[in-house]
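Here are a few friendly notes to read alongside the model. Please keep the structure open as you go through the points.

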Number of protein chains: 2
Amino acid sequence: MAVLVQKYGGTSVGDAEKIRHVAERIAAAHRAGNSIAVVVSAMGDTTDRLIDLAQSISATPDPRELDLLLSTGELVSCTLVTMALREIGEQAVSMSGAQAGIRTDTAHGSASIVDFDAERVQQALDAGRIVIVAGFQGVTHEMDVTTLGRGGSDTTAVALAAALGAERCEVYTDVDGIYTADPRIVPDARKLEEIGYEEMLELASYGAKMHPRSIELAAWYNTPVLVASSARDVPGTLIHEIAPSGDGAPSGDGAPAGAGGPEEGAGMEVANKVRGVTYERGVARIPLRAVPARPGIAAAVFEPLAASNISVDTIVQNASAERLTDLSFTVDSSDLRAALQVTEGVAGAIGAEECVSHDNLGQVSIVGTGMQNAPGVAAVMFSALAEAGVNIEMITTSQIRITCVVDEAQVNDAVRTLHAAFELAEG
Amino acid sequence: MAVLVQKYGGTSVGDAEKIRHVAERIAAAHRAGNSIAVVVSAMGDTTDRLIDLAQSISATPDPRELDLLLSTGELVSCTLVTMALREIGEQAVSMSGAQAGIRTDTAHGSASIVDFDAERVQQALDAGRIVIVAGFQGVTHEMDVTTLGRGGSDTTAVALAAALGAERCEVYTDVDGIYTADPRIVPDARKLEEIGYEEMLELASYGAKMHPRSIELAAWYNTPVLVASSARDVPGTLIHEIAPSGDGAPSGDGAPAGAGGPEEGAGMEVANKVRGVTYERGVARIPLRAVPARPGIAAAVFEPLAASNISVDTIVQNASAERLTDLSFTVDSSDLRAALQVTEGVAGAIGAEECVSHDNLGQVSIVGTGMQNAPGVAAVMFSALAEAGVNIEMITTSQIRITCVVDEAQVNDAVRTLHAAFELAEG
């Protein structure tokens with residue numbers, strides 16, 4: 001009997017009617033002969049409402065207290081889904097994160113799963129029951145409740161699928177799959193039938209709807225993840241290990257990748273290496289110019305930022321003159337003020353010339369596993385943006401991604417330009 | 001350093017402002033040099049709202065699922081009170097029932113505490129922290145969350161006080177103490193400075209605001225309980241062991257109680273034995289007439305009622321003729337239909353003549369430890385009711401209580417009549 005893990009997001013369980021609909025879907029999958037474990041998020045905007053409630057008491061609620069408070073949202077939805085299943089004659093049982101065996105570290109607010117002993121879930125499945133697990137939460141070894149951060153229910157679902165050795169983890173949400181670009185910006189964006197873990201990881205990091213940690217976890221355990229719509233019965237996108245094909249080398253260990261690789265021209269061959277375009281808004285950039293180049297500069301900048309709990313997105317360092325270097329990094333716009341405060345304190349100490357921030361930025365990225373062996377890809381990207389009049393403030397690359405920081409107002413144009421340039425609508 | 005346990009009810013933590021007020025009170029008690037553990041109920045009507053939510057999914061929600069759902073209400077309030085305390089500079093920490101060490105049996109919906117290992121609470125108190133415990137909940141040995149039934153937070157508080165060997169359990173609520181009668185009915189009802197456990201138990205069973213199990217527990221561990229107002233700073237009522245005085249014999253083990261005892265007249269001496277008048281509405285009575293008297297009749301009636309989870313309040317059996325007996329019992333009005341269904345099924349089998357229910361009843365009780373040795377008390381009660389034109393449908397007595405079932409419309413009159421007859425306003 002195949003074990004399936006299904007995950008339903010907050011909109012999918014937003015009210016009693018939707019919960020009944022979800023129960024019908026789960027029951028259908030169970031009656032089709034599968035062993036089913038389900039992970040649910042909190043109903044609708046419950047988490048936001050609980051945060052508001054906490055902030056009506058304290059502007060900076062204690063993280064441990066906030067976690068216990070927030071964890072109640074998923075307890076409510078998981079018991080309601082269980083009741084709905086029992087109401088239609090299914091043997092269902094709910095489990096909190098603790099009951100399901102999810103142990104985490106003590107990083108309240110964004111805890112990591114350190115152990116998942118799914119024995120109790122497995123026993124219930126073996127007894128023919130459908131198990132509904134509260135997403136987003138776990139417990140420390142002290143039995144303190146933790147939460148896994150926003151989108152943490154995805155992580156719960158993938159970790160549960162891995163712990164159960166499930167055939168597949170199905171993530172049901174309000175979108176019906178992963179697209180080559182955001183369809184709200186690019187009308188002819190195409191839904192992908194499949195995508196590799198690393199590609200999805202880059203897409204997820206830069207705007208798409210799955211929590212990056214859940215993708216890393218799925219890749220680590222090689223658990224296929226299907227992203228599909230909970231409302232409509234249309235095929236979704238399967239995130240799984242995609243075998244390398246043709247001249248595109250895999251990015252895994254031992255692959256003959258590197259700076260070299262076969263030479264290619266631009267055009268169709270280049271386009272085939274790009275899987276999708278993604279973007280982010282609300283980016284702020286802090287450049288530190290003419291910093292004397294000596295060991296420890298980066299640490300002097302980023303350690304106090306980390307200590308202030310400010311998440312730095314991308315970092316670029318460039319020598320600007322002999323023994324001088326330029327250092328730039330981006331943060332979420334909402335963190336800009338705090339980041340500037342920290343950086344200005346450090347700038348003097350490290351001898352940086354100026355510390356001026358650029359706000360109202362965004363970034364666009366192209367993502368694809370084969371990119372690193374196709375040198376033409378970057379050139380196509382930059383010239384397409386230039387032709388569209390989009391100025392590039394900053395460039396960063398990974399093995400399978402090229403990201404340009406651009407003016408926030410030009411993000412949509414940039415996305416549409418790149419989608420067309422790489423012929424993504426054509427598949 | 002004295003250990004105090006405080007308990008705040010749902011109205012006391014009904015919104016952010018009230019929570020801040022409660023935090024101030026707790027902090028004041030802590031700053032006064034006490035070691036403080038606090039138990040809180042769910043905010044305002046949270047529990048009712050969660051029940052409505054469950055019933056929008058299922059008319060008969062699974063008890064285990066309902067318990068996990070309902071337990072979230074107290075998690076929310078206990079984390080918010082903790083945040084409010086931290087906000088005003090107190091070291092506070094919240095604990096769920098499970099974290100506080102409350103183990104219960106598996107009777108979901110009305111579980112009993114079987115073990116309370118308060119070590120974690122004690123450690124936190126020893127470290128100078130204020131501990132806020134979610135009331136109303138515990139866990140089974142399987143780590144399934146249970147609830148202790150309505151009013152179960154009182155039980156949590158008293159059990160915590162007992163487990164910690166606390167000096168006192170302070171129950172803060174929207175009333176400021178225990179009165180000789182409901183002040184809404186009897187304007188000159190008097191607040192009692194103190195009351196014995198058994199007396200309070202009878203008062204609590206018949207309408208007053210503390211959960212009977214919590215009083216039993218307090219009596220068992222001899223834990224003094226102060227019932228007082230969370231809004232106003234006025235003296236409350238102390239529920240504790242009251243030494244027997246004068247000719248009134250104590251009701252405890254080994255006391256020279258019994259059918260005999262010193263003879264007394266009615267009047268002032270009789271009045272002094274009565275501590276208060278209490279009442280209940282919404283009572284229904286089911287009489288089974290002319291049942292052939294043979295062993296096993298009562299079991300044949302009450303076992304199926306228990307199996308249907310119908311709580312029977314009082315039972316009266318009276319021989320009506322040779323080998324025939326009349327059996328009457330009362331249930332909550334809301335259970336009447338279900339109870340009748342069960343009883344009608346049984347009535348034929350046991351040969352009962354008729355099975356007609358009387359709805360729209362209430363009951364009035366007088367309560368006092370010394371009553372069993374004051375034969376005049378019952379006579380004063382019955383004649384006072386007769387003079388007031390109140391018809392008595394049924395009478396039951398315990399060692400320290402006499403209860404009359406009367407017409408629901410006459411409950412207020414009966415309470416006022418008895419309060420005056422026993423001169424309770426005068427103290």
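1. How much area is buried between chain A and chain B, and what percentage of it do carbon and sulfur atoms give? In this predicted model, the buried area is about 3,100 Å², and carbon and sulfur atoms give 63% of it. On the side of chain A, the residues that lose the most area to chain B are A:Ile57, A:Glu65 and A:Met83; together they make up 22% of what that side buries.

2. Counting residues, 38 from chain A are in contact with 37 from chain B. Polar contacts join 16 residue pairs across this interface, with both residues at pLDDT 80 or more. Four salt bridges are counted between the two chains.

3. Next, the elements on the chain A side. At least two residues each come from α1 (16–31), α2 (46–57), α3 (63–87) and β3 (92–95) of chain A. The largest share belongs to α3(A), with 15 residues. By class, the side of chain A that touches chain B holds 21 nonpolar, eight polar and nine charged residues.

4. Which residues of α13 (residues 411–421) are buried? They are A:Val411, A:Ala414, A:Val415, A:Thr417, A:Leu418 and A:His419. Their cover includes β13 (276–292), β17 (358–367), α12 (376–387) and β19 (401–407) of chain A. Just after α13(A), look for A:Glu423, which takes a positive phi of about 50°.

Key. Residues are numbered from 1 along each chain as its sequence is written. Chains are lettered from A and ligands numbered from 1 in the order in which they are written. This is a predicted model: local features need pLDDT of at least 70, side-chain atom pairs count only at pLDDT 80 or more; totals for chains, interfaces and linings use all residues. Side-chain values use heavy atoms; hydrogens and water are left out. Contact means heavy atoms within 4.5 Å. Buried area is the accessible area (1.4 Å probe) that two parts lose on being put together, summed over both. A salt bridge is a side-chain nitrogen of Lys or Arg within 4 Å of a carboxyl oxygen of Asp or Glu. A polar contact is a pair of N or O atoms within 3.5 Å; within protein, one must be able to donate a hydrogen and the other to accept it, and residues adjacent in sequence count only if both atoms are side-chain atoms. Helices (H or I, at least four residues) and strands (E, at least two) are DSSP runs, numbered from the N terminus. Ala, Val, Leu, Ile, Met, Phe, Trp, Tyr, Cys and Pro count as nonpolar, Asp, Glu, Lys and Arg as charged, and the others, Gly among them, as polar. Buried means under 20% relative accessible area, exposed over 50%, partly exposed in between (1.4 Å probe, protein chains only).
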